[in-house]
Amino acid sequence: MSEHIGDRVASASVGLDTGADASYSTTEGLDTGASRPTRPTATGTLFRFATAGSVDDGKSTLVGRLLHDSKAILADQLESVARTSAERGFGGEPGAIDFALLTDGLRAEREQGITIDVAYRYFTTGRRSFILADCPGHVQYTRNMVTGSATADAVVVLVDVRNGVLEQTRRHLAVVQLLRVPHVIVAVNKIDLVGYDRAAFDAVAADVAALANDLGLPDAHVIPVSALAGDNVVERSANTPWYDGPSLLELLEELSTIDELETDLEALRLPVQLVIRPQGGLSPDVTDAAADELRDHRAFAGRIESGTVKVGDPVEVFPAGVRTTVTGIRRGPEALAEASAPLSVALELADPVDAARGAVIAAAGSLPAPRRELDADVFQLDARPLATGARVLVKHGTTTVQAIVTDIRGRLDLDTLETTPTASLATNDIGLVRLKLAADLAAEPYAAHRRAGAFLVIHPQDGATLAAGIVVEAPA
Amino acid sequence: MSESIIPGGRVASAGEAIPGGRVASAGEAIPGGRVAPEARIETARVQGLDTGAGASYSTTENLDTGAGASYSTTEGLDTGAGASYSTTEGLDTGADASYSTTATLDALDVLEAEAIHVIREVVAEFERPVLLFSGGKDSVVVLHLAAKAFWPAKVPFPVLHVDTGHNFPEVLRFRDETVARLGIRLEVASVQDYLDDGRLQERADGTRNPLQTQPLLDAIAAGRHDAVFGGARRDEDKARAKERIISLRDEFGQWDPRNQRPELWSLYNGRHTVGQHVRAFPISNWTELDVWRYIEREGIALPPLYFAHERDVYARDGMWLAVSDVSAPRAGETVERRTVRYRTVGDLSCTGAVVSEAATLSDIVREVAASTLTERGATRADDRLSEAAMEDRKKDGYF
């Protein structure tokens, strides 16, 4: 039952010198000495990635390895994990550490030895800061995979080199493909257990390539690793001279983020969250001289979901369709000449347009057509099945509208990748549905526009998130 | 607040059921083509006027008061060549082709954008938000982000301090100065009041952190707050690593970690029923180091005890505790005068100082980066009680 059975690390073999760091529980407080290398103080870019794997493929060890080798695990955390590992007789060797204890944050998880929920972990290399969404492999796997991958710039899928590509690998990659995660990395783990055998790796890599081809995943990176021994995780390994690619961390530092890839390709979209009108309620830091100018200030606050906006740009406003010009862009009191996704800004417009929460400011000429009906792939997350006729709420951007499920057109079989007819969607199902909306939405196909193509399906009474959806072009 | 006029002359507020079975959400499009106006910001004026004291206070830190039309330096956007507009040339607008459109935003820019987005979502969708404000660095950062999110309007919600009675005097002073400067209302939930009238009993170990839960929940109910902002971060604790950005609490304030709503993209589902409220954590994805880098970058004012200073301290449980009205050495513990600073601000009786010479923000950033201990491991006795100390407190309604 334990996801991390076998995920253990003997401190001797990997240099987890828990004992050496005696600074914990002394009265020295912050020990700024050179006992450990300093984490970088520079701020790099931000990269989000998710890890997914099947039972016992060593995911917890890999996550622990990444965190440990990037100095993200500090002495007191390591000491706490070591103490708990020892109390439970983990591994049997003195100093053996159960890395899963680092990510299994809840009592129920530790007691059962399973990971229930996505855990978020953080580390930085100086070039980049990473947000790692660690997705449990077996309980609620689709729910967790979708949650962890929805905003991920990359997904790392683990495969045990001895088992090769499993059914679950196929499912993980299918979800990755549907969500259009920009980068897929398949870490072929436990390469040490097959004696760093190139043929074993090549066989798995060939299966991965074939599967990626089936799924239409453009470029899957395949890396031979040993999370336990550290091969090709942070440093390139001398044990795999036949592999000339980057280590996992090198690759994660190199890959482009969604915003780096897409900001320049997509037109401006800024869903209006609220309108800032400070008449009389000016922030006390505004000077009297500035206060006069700000008397009639009206700014449209929101996050730029895609594209770039410059002062002077012509824009159009959904749903009214009015055309106007951007006269100001602010981030707090700071005026900007231009801003790009994903910044949160406030835009000032030349004309007094009717735009409140729910409106979308778009580059002129790119205004999406209003939709009263959505065709969508939905990921069913709630335990209650979703059936035709269900009355729900759809939350899209900054708008929530009533909707009715008018048709469930089929369920995606992740093994055959074919759509089969079904009357309702059960938890973890992925299905193609049609929704009728009570009001217009500025929804666009997810394939063309990631953030304008995503929505939540919400229970109108208890407010539960029933499903996550991505808009697709209407099937023929 | 957040009212929308429904054809037929009624006024519906967010979440209210409308005859005919509809539910109006803030800003929801109403059949007939109108969009419910989002008037929440206006509440800022009302709340702001409560505390006239703040009006004259307009100094130094936080938001650069240059206000008007001049561009200030945009440190954050400094990566792409030429992308940052770092002069004071005024409004010679952006048609200028020399601006790159491929500016690379750094991690702090992205984290700030995410936090401001969350803060605005909560203000737009909830009736009566409040920010838990201790004067500690994390809640100070959230308040700074809120000020940026609504500038030039005031922060449109009050702050709530759960006062353990075990306060650092300089933190209370900072708290009062900050709310006065921003012109916002301060609510206080006092643990001492509960002890005085017997609703709570002092614990044997003297720590009052676990005692904060009841006054907090009562204050949330009394203020009819449907959303409560907090400065908690996922990197602080294993239980917090599983927390959502918008997290539902039941009528007892309880957190049910095994039954949380999945949180996808940046679509936050804050639907709740009567009696429930949400906790909102805009800086969930920040690390301690991010917080310090951001404070340095933005020049945010903090209580002085975060910086190296001399203090009478004694060693206990691997921490340096301050000599004060509520914490004194036991037999065998000796008082020393040392140069220390605090990494976290909490109950004075159980929050430890660290020996440090870091007197400036850049010193602190370097020190935190080099630290071998987490901030809670280094300074919080109560989190050492057990592996699940934080999880247990959170389940009971703690922040």
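In chain B, the axes of helix α3 (residues 137–150) and helix α7 (residues 288–298) come within 11 Å and cross at roughly 50°. The structure is a predicted model: local features need pLDDT of at least 70, side-chain atom pairs count only at pLDDT 80 or more, and totals for chains, interfaces and linings use all residues. Residues are numbered from 1 along each chain as its sequence is written, while chains are lettered from A and ligands numbered from 1 in the order in which they are written.

- Helices (H or I, at least four residues) and strands (E, at least two) are DSSP runs, numbered from the N terminus.
- Axes are lines fitted to C-alpha atoms, for helices over the stretch in contact; angles run from 0 to 180 degrees between N-to-C directions.
- α3(B) and α7(B) are therefore oblique to each other. Angles under 35 degrees count as roughly parallel, over 145 as roughly antiparallel, 65 to 115 as roughly perpendicular and the rest as oblique.
- α3(B) passes α7(B) in a left-handed crossing (the near helix is turned anticlockwise from the far one by less than a right angle; clockwise would be right-handed).
- From α3(B), the contact uses B:Lys137, B:Asp138, B:Val141 and B:His144. From α7(B) come B:Val291, B:Tyr294, B:Ile295 and B:Glu298. Residues are in contact if their C-beta atoms, placed from the backbone, lie within 7 Å.
- This α3(B)–α7(B) contact has four nonpolar, one polar and three charged residues. Ala, Val, Leu, Ile, Met, Phe, Trp, Tyr, Cys and Pro count as nonpolar, Asp, Glu, Lys and Arg as charged, and the others, Gly among them, as polar.
- Helix α2 (residues 107–125) of chain B also meets α3(B): their axes come within 9 Å and cross at roughly 75°. α2(B) and α3(B) are therefore roughly perpendicular to each other.
- B:Glu112, B:Ala115, B:Ile116, B:Ile119 and B:Arg120 of α2(B) meet B:Leu145, B:Ala146, B:Lys148 and B:Ala149 of α3(B). Six of these residues are nonpolar, none polar and three charged.

**Domains of chain B**

- Chain B has domain 1 (3–38), domain 2 (53–58 + 106–288 + 391–395) and domain 3 (301–386). Such bounds come from an automatic or database domain assignment.
- The C-alpha centres of domains 2 and 3 of chain B lie 23 Å apart. Each of these two domains gives 19 residues to their contact.
- On the domain 2 side, α3 and α4 (169–182) of chain B give two or more residues each. α4(B) gives the most, with three residues.
- That side of domain 2 of chain B divides into four nonpolar, nine polar and six charged residues.

**The sheet in chain A**

- Six strands of chain A form an open sheet, in the order β2-β3-β1-β4-β5-β6, with mixed pairing. Strands pair if DSSP finds at least two bridges between them.
- β2 (119–124) and β6 (220–224) of chain A stand at the edges, each with a single partner strand, so one side of each has no neighbour in the sheet.
- The twist averages 25° from one strand to the next.
- β2(A) runs antiparallel to β3 (residues 128–134) of chain A, and six bridges join the two. A:Thr124 stands opposite A:Ser129 in β3(A).
- Helix α8 (residues 198–215) of chain A lies across β4 (154–160), β5 (183–189) and β6 of chain A, at about 165° to β6(A).
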